[in-house]
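Welcome! Take a moment to look over the sequence and the model, and then we will walk through them together.

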Amino acid sequence: MTEDFLIGTYTSKSSRGIYGVTLDTEKEELTNVRLVAASGKPAYLQYGEQKRLYALKQDGERGGVASYDLSGAKAELIDAKLEKGPTPAYIGVDDQRHLLFSANYHTGELKVFKIAADGKLTQTDSVVHQGATGPQPEQDAPHVHYIDLTPDNRLIVCDLGMDLVVVYDVSDEGKLTAASRYQFEPGFGTRHLVFHPNGKIVYVLGELSSKLAVMRYNAADASLTHLQTIKTIPADWTAHNGAAAIHISADGRFVYTSNRGENTIAVFAVQPDFTVAHVQSISTEGDFPRDFELSHDDAYLVGSNQNSDNLTLYKRDAQSGRLTLLQKDVACPEPVCVKRWPK
């Protein structure tokens with residue numbers, strides 16, 4: 001049996017765009033790393049209905065978002081919305097309202113696009129974050145790093161520069177209205193988050209603090225309540241580290257985060273009260289693990305090491321949540337995003 005993944009990359013060295021890789025579950029190895037779409041800096045990817053792929057895109061001094069047809073072995077470009085300036089850091093998709101969202105780390109700007117039936121994109125709204133920022137050198141300005149849907153179809157945004165999570169109401173026409181704000185501790189560096197399958201708990205990852213915060217989400221007013229904060233690295237770790245990606249198992253029992261610096265995947269077991277306990281940290285066998293992804297059945301985990309140009313494969317124990325290394329040094333240029341290929 002095989003399963004395919006797509007790899008978003010930076011294209012500052014040898015990468016040429018979006019790559020594919022195949023997981024052979026019988027041999028338990030990654031094979032056939034190949035170019036799926038030539039593009040500039042497709043650093044984050046998302047899937048939508050009708051076998052659509054959405055990706056960040058850079059062309060010279062212009063950056064933005066693009067839509068692709070993924071019905072074949074290659075991704076065919078449908079549309080791109082680019083403008084002069086830096087490429088965004090993240091995109092989210094709303095299939096129900098046919099919307100695409102982008103978060104621009106460099107400008108602090110959120111954008112919303114309407115997705116037409118043919119995959120063409122039209123911008124419907126823009127919000128620029130402004131206000132006080134945190135104490136760390138990386139917090140010189142608002143830095144929006146994540147934008148995606150809540151389980152109740154609001155939009156939730158992480159601002160690393162402001163140590164902030166903002167929840168927006170979204171109209172069918174793609175207009176945003178702020179619904180709530182949660183201010184984290186100074187220097188937390190809110191980067192990415194993931195919801196528990198129950199829709200009531202959200203796990204928020206702080207890049208600059210290397211911390212994981214457990215929050216309760218109240219759908220009535222979109223508010224967040226703090227339950228726990230825990231480090232993603234050992235207490236005695238003194239070298240630089242930046243927490244990066246976060247995912248949760250489909251059964252809601254385990255949370256996984258990546259650490260760039262310690263170069264590990266940290267595994268946390270979800271407790272009965274939805275707080276977490278650290279159970280493992282395992283080397284990514286490479287440098288700067290920006291992202292990773294679980295297989296469709298949660299039996300395997302594919303990690304990406306940006307600076308060392310390699311992918312890593314682990315087997316996952318469903319009962320303990322622990323990872324076992326299966327394969328390392330799978331060559332892939334500048335990998336920064338891992339997504340399961342839609343079935």
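**From the whole chain to one residue**

Of the contacts in the chain with a separation of 6 or more, 47% join residues 24 or more positions apart; contact here means heavy atoms within 4.5 Å. Before going further, note that this is a predicted model, where local features need pLDDT of at least 70 and side-chain atom pairs count only at pLDDT 80 or more, while totals for chains, interfaces and linings use all residues. Residues are numbered from 1 along each chain as its sequence is written, and side-chain values use heavy atoms, leaving out hydrogens and water.

The chain has 28 strands and zero helices (DSSP runs numbered from the N terminus: E, at least two residues, for strands; H or I, at least four, for helices). Along its principal axes, the C-alpha trace spans about 45 × 45 × 35 Å. Of the 343 residues, 59% are buried, meaning under 20% relative accessible area with a 1.4 Å probe, protein chains only.

Now let us zoom in on a single residue. Asn-259 sits in strand S21, which covers residues 254–260. Is Asn-259 buried or exposed? Asn-259 counts as buried because its relative accessibility is 0%. Which residues does Asn-259 contact, leaving aside neighbours within four places in sequence? They are Thr-232, Ile-233, Asn-241, Gly-242, Ala-243, Thr-264, Ala-266 and Pro-289. With Asn-241 there is also a polar contact, side chain to side chain, at 3.1 Å (a pair of N or O atoms within 3.5 Å; within protein, one must be able to donate a hydrogen and the other to accept it, and residues adjacent in sequence count only if both atoms are side-chain atoms).

How values were computed
Buried means under 20% relative accessible area, exposed over 50%, partly exposed in between (1.4 Å probe, protein chains only).
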